[in-house]
Amino acid sequence: MRILHVASEIFPLVKTGGLADVVAALPPALAKRGLDVRALLPGLPGVLDGIVGLRPVTRVGPVFGAASVTLCQGRLPDSGLPAYVIDAPFLFRREGNPYTGPDGNDWSDNHRRFGLLGWTAAHLASGELDPEWTPGVVHAHDWHTGLAPAYIMQNPGLKTPTVFTIHNLAFRGIFPMECHYDLDLPMHRANPRGMEFHGNISFMKAGLVYSSKITTVSPTYAREIRTPEFGCGLDGVMRDRAGDLSGILNGVDYAVWNPANTRTAKAYSVDDLAGKKVCKRALQLEFGLSTQARGPLFAVVSRLTSQKGMDLLLAVLPELLREDAQLVVLGTGDGDLEAGFRYAASVNPDKVAVCIGYDESMSHRFMAGADVLLVPSRFEPCGLTQLYALRYGTLPLVCRVGGLADTVVDVNDENLAADKATGFVFGEAARHALGARIREACGFYRDGGDAWTKVQQRAMRQDFSWNDSAANYERLYRELQARNAAGKED
Ligand code: ADP
């Protein structure tokens, strides 16, 4: 079975968030199951530099405002899987963030850039670009690829089934209606039954409306997005397509996220946690924090945004500090939140440390060195950092939403007695609820002794590897192929 994964980012070549980790790990997990999997990526500088043995496959004429577009093929650096790369220098060879320019605003031609990504997927599906390999299913990730199902549907002879995965519904790929003229799609595609969204067009909505199946990255988020509270204005579309929508939990690449590896001050494992203490001390020293605090060391590795509840955390920081706990923050995001954390660090230098930036290896040191990872998100499609934290014996403290609800079992009397607890869960994304759970976590840390260690070990034994999720995706692909084959016979 041939599957084409279409995405805008992939670890370690280009990464702005969890999407890149998923796109790096899921295709190899499927390949291990015997599927013939390839990726299609935009020719961003990191992709052009990182793909091995890149060679041209087909020259595509001037499209989407680019004079020169070449479809190339090479291999992904870690997995060795084949990857197609769209080399369109005018559109993609831009340094920095894949979505925004140096001023922090979206690139003004993003509709063309990601329109080309979807268009290329459809033309690979039709066999026009590489007659030697035609996918049986196109699997498109997030709004950047939302036009792939639209272009496939646009070709009357093309019946390739599509899976569209929502990694975060809040990013809807919205553009002014005029942009539709640049996309080579007929006008009726931009009506309310198509990709129209409040007088604009939405690439996310195109993916939702035109794909054969929709998935999102946790079962709870799959339910939440059918409600106005979490549906970002697309909950009606979700309810319409509820029969084709399912939640498949993301997995973790334990070859990358593993406390036994060498990225941290000292390796440790579930049976020997001594190294974790060394990692904690190293992290405290790295950031000039006191090594004498009685409370736990909390960490954040996150985009600093209101989605991630970072404003709530700033609001309850005085409560955390009163417990003689400490906080380290690694992240970038909203200017006022960055400034708030910087200020907190400047007035509490032995208790709060902040690194504003994106640093992959530091994120591993945070996971290993902290006692608790804070993820107080208002909504969270899956969330990966809490899964990484579990493996590092760093107890996640999370809001009960989306994938956080599906993956962390609360430290309460019942779950402790049943040997199930793996972290701290609070019910409402509100300041008082977060503050209370932080205080309780501090109490459990101070009094917990063996109980804390037991929860850590249980957390580390959780298995969120890709095996089960890959099996679920495979099931979905097979169902679609069978339906497609039956349709052809009719
Ligand atoms: P989202 O994709 O919504 O940002 P996830 O939890 O799904 O959130 O994934 C975030 C990914 O990005 C994780 O791999 C996390 O370790 C990483 N990450 C987030 N912020 C940073 C940062 N400042 N430095 C390094 N890695 C980061």
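1. Basis. The model is predicted, so local features are taken only at pLDDT of at least 70 and side-chain atom pairs only at pLDDT 80 or more, while totals for chains, interfaces and linings use all residues. Residues are numbered from 1 along each chain as its sequence is written, and side-chain values use heavy atoms, with hydrogens and water left out.

2. Domains. The chain splits into domain 1 (2-251 + 466-489) and domain 2 (274-460); the bounds come from an automatic or database domain assignment. Between the C-alpha centres of domain 1 and domain 2 the distance is 33 Å.

3. Extent of the interface. Contact (heavy atoms within 4.5 Å) involves 20 residues of domain 1 and 18 residues of domain 2. The two domains bury about 1300 Å² between them, with 62% of it on carbon and sulfur atoms. Buried area here is the accessible area (1.4 Å probe) that two parts lose on being put together, summed over both.

4. One salt bridge is counted between domain 1 and domain 2, a salt bridge being a side-chain nitrogen of Lys or Arg within 4 Å of a carboxyl oxygen of Asp or Glu. K15 and E360 form a salt bridge through their side chains, at 3.3 Å from N to O.

5. The domain 1 side. The elements giving two or more residues to the side that touches domain 2 are α1 (18-32) and α7 (219-224). α7 gives the most, four residues. Helices (H or I, at least four residues) and strands (E, at least two) are DSSP runs, numbered from the N terminus. By class, this side of domain 1 has nine nonpolar, eight polar and three charged residues; Ala, Val, Leu, Ile, Met, Phe, Trp, Tyr, Cys and Pro count as nonpolar, Asp, Glu, Lys and Arg as charged, and the others, Gly among them, as polar.

6. A sheet. Three strands form an open antiparallel sheet in the order β8-β10-β9, where pairing requires at least two DSSP bridges between two strands. β8 (174-176) and β9 (196-197) are the edge strands. Three bridges join β8 to β10 (residues 200-202), and I174 stands opposite S202 in β10.

7. Salt bridges overall. The count is 25. In one of them, R365 and E286 have their closest N and O atoms 2.8 Å apart. R365 lies in helix α12 (residues 360-369) and E286 in helix α9 (residues 274-286), so the pair ties together parts 79 residues apart in sequence.

8. Backbone details. The F11 to P12 peptide bond is cis, with omega near 0°, and P12 sits in the loop between β1 (2-6) and α1. D324, a residue other than glycine, has a positive phi near 60°; D324 is in the loop between α10 (310-322) and β14 (326-333).
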